[in-house]
Amino acid sequence: MLNRRILRVKIFKVLYSRYICPELSLEDARRQLNLSLEASRTLYCFILSMVTPLTAVAAERIEELKKLSTADKSAIDPNKKFADNLLSKLLESDPDFKKIVSKYNFPSWSNYDLFLKKLYSDILTRDYYKEYITSGKSSFAEDCALFAKIFQIEFEDRDEFLEILETTTLERKNADDEALYWNDDAFYCLAFASKMLSKRNFRFDLPPIFASDMKPGKQSDKDFTFKVLESGFIHFDEYRELVMNLLPETRFHDKVNSIDICLCITALAEMKAFYPEIPSKVSINEYLEISKYFGSEQSTSFINGLLSNAVKSLDIQL
């Protein structure tokens with residue numbers, strides 16, 4: 001499920017916790033990372049659990065239309081294609097999916113009916129929905145494709161969705177620390193749900209946490225993840241000192257961004273653990289991309305300069 005980019009982000013965040021809390025143990029760091037990894041998978045399932053309640057909103061809207069005293073044909077004979085979609089029926093009856101929802105005790109999406117009603121109203125105005133509803137055919141594949149587009153398109157600027165995840169986190173944090181990571185993974189998991197629904201003959205299966213487990217013969221992402229974490233954790237002070245010594249003047253030490261330092265530490269940990277198996281340029285470029293999301297406007301060039309000099313101290317070639 002999780003690709004190397006998001007695995008690197010999760011390792012960086014745990015090492016950042018080590019920066020903020022020096023007394024964090026390696027055992028605690030491993031536990032924190034495991035929780036973060038598992039959170040992505042449970043959030044994917046929580047997103048899929050939205051399908052049936054959203055379908056129910058459509059069915060309720062149809063019943064409301066039927067009660068209107070109007071001669072409008074759309075009210076008398078509404079199109080029930082979406083309300084009868086087969087993906088909802090599959091998930092509603094799938095025993096494995098029902099076990100997952102029960103196991104993780106997800107909050108019911110019916111608690112957020114205003115959000116679902118607004119979402120459905122917006123979907124009704126989209127061209128992709130109009131094409132779906134007027135296609136003149138009905139199939140499981142078409143229903144899956146529609147929800148793939150919903151997850152791909154409808155949440156980019158929908159702050160209410162992130163607010164729901166934050167509320168859910170606060171409600172569940174005492175019972176399940178995984179929820180603490182949900183906001184971090186929101187858009188990745190939406191994209192993953194869209195990707196899964198776009199595949200032919202979608203059936204619900206709990207995906208493996210690591211993408212390499214879905215592709216036999218590929219280098220283990222699990223080994224990669226925990227080797228980089230341990231390299232960064234065990235040599236944290238060494239890598240931090242190396243980075244700080246590369247700053248042009250000591251007066252910069254108090255001004256350097258802690259996020260930039262931790263990104264450099266994580267990159268150095270990866271190169272120390274996996275060079276030359278993973279070329280240093282590949283590792284550096286990955287963390288430069290990550291810095292665009294977590295650092296400042298100057299972070300990318302700053303980190304690039306520091307890492308280019310740091311690899312020489314670790315006897316690593318660019």
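The model is predicted, and local features are reported only where pLDDT is at least 70, side-chain atom pairs only at pLDDT 80 or more, while totals for chains, interfaces and linings use all residues. Residues are numbered from 1 along each chain as its sequence is written, and side-chain values rest on heavy atoms, with hydrogens and water left out.

The protein chain holds 16 helices and zero strands. Of the 318 residues in the chain, 49% are buried. Here, buried means a relative accessible area under 20%, exposed means over 50%, and partly exposed lies in between, with a 1.4 Å probe and protein chains only. Among contacts (heavy atoms within 4.5 Å), those with a separation of 6 or more were examined, and residues 24 or more positions apart account for 79% of them.

Helix α9 covers residues 140–153, and its 14 residues reach 20 Å from the first C-alpha to the last, close to the expected 20 Å. The expected span of a helix is 1.5 Å times one less than its number of residues. The buried residues of α9 are Phe140, Glu142, Asp143, Cys144, Leu146, Phe147, Ala148, Ile150 and Phe151. These buried residues pack against α2 (26–48), α3 (51–67), α5 (86–93), α7 (113–124), α8 (127–133) and α11 (182–197). In general, an α-helix has 3.6 residues a turn, so residues three or four places apart point the same way.

Helix α15 has 15 residues, which should span 21 Å at 1.5 Å a residue; its end C-alpha atoms are 21 Å apart, in agreement with this value. Ser280, Ser283, Ile284, Glu286, Tyr287, Leu288, Ile290 and Ser291 are buried in α15. The packing partners of these buried residues are α1, α12 (221–234), α14 and α16 (299–313).

Helix α15 also contributes to the largest pocket, as do α1 (4–20) and α11, each of the three supplying at least two lining residues. Pockets were found on a 1 Å grid over the protein atoms alone: a pocket is an open set of points with protein on both sides within 12 Å along at least five of seven lines, whereas a cavity is a set of points where a 1.4 Å probe fits but cannot get out, and lining residues have an atom within 4 Å of a point. The largest pocket contains about 400 Å³ of space. It is lined by 15 residues, of which Val9, Asp184, Tyr188, Tyr293 and Phe294 are the closest to its centre. Helix α11 provides the largest share of the lining, six residues. By class, eight lining residues are nonpolar, two polar and five charged. In this classification Ala, Val, Leu, Ile, Met, Phe, Trp, Tyr, Cys and Pro are nonpolar, Asp, Glu, Lys and Arg are charged, and the others, Gly among them, are polar.

Several single residues were also examined. Serine 88 lies in helix α5 and is buried, with a relative accessible area of 4%. Apart from neighbours within four places in sequence, serine 88 is in contact with Val51, Thr52 and Thr55. Valine 256 is in the loop between α13 (236–245) and α14 (258–274) and is buried, at 16% relative accessible area. Not counting residues up to four places away in sequence, valine 256 touches Met244, Leu247, Ile261 and Phe302. Valine 256 and serine 299 are 43 residues apart in sequence, and their C-alpha atoms are 9.8 Å apart in space.

The structure holds zero disulfides, a disulfide being a pair of cysteine sulfur atoms within 2.5 Å. The sulfur of cysteine 262 is 9.3 Å from the closest cysteine sulfur, in cysteine 264, and this is too far for a bond. Cysteine 262 is buried, with a relative accessible area of 0%, whereas cysteine 21 is partly exposed at 28%.

Some backbone features occur in loops. A cis peptide bond, with omega about 5°, joins tyrosine 275 and proline 276, and proline 276 lies in the loop between α14 and α15. Asparagine 105, in the loop between α6 (95–103) and α7, has a positive phi near 50° although not a glycine; its relative accessibility is 60%, so it counts as exposed. Asparagine 201 has a positive phi of about 55°. This asparagine 201 is in the loop between α11 and α12 and is exposed, with a relative accessible area of 63%.

Notes:
Helices (H or I, at least four residues) and strands (E, at least two) are DSSP runs, numbered from the N terminus. Grid points are joined across faces, edges and corners, and a volume is the space filled by probe spheres set on the points.
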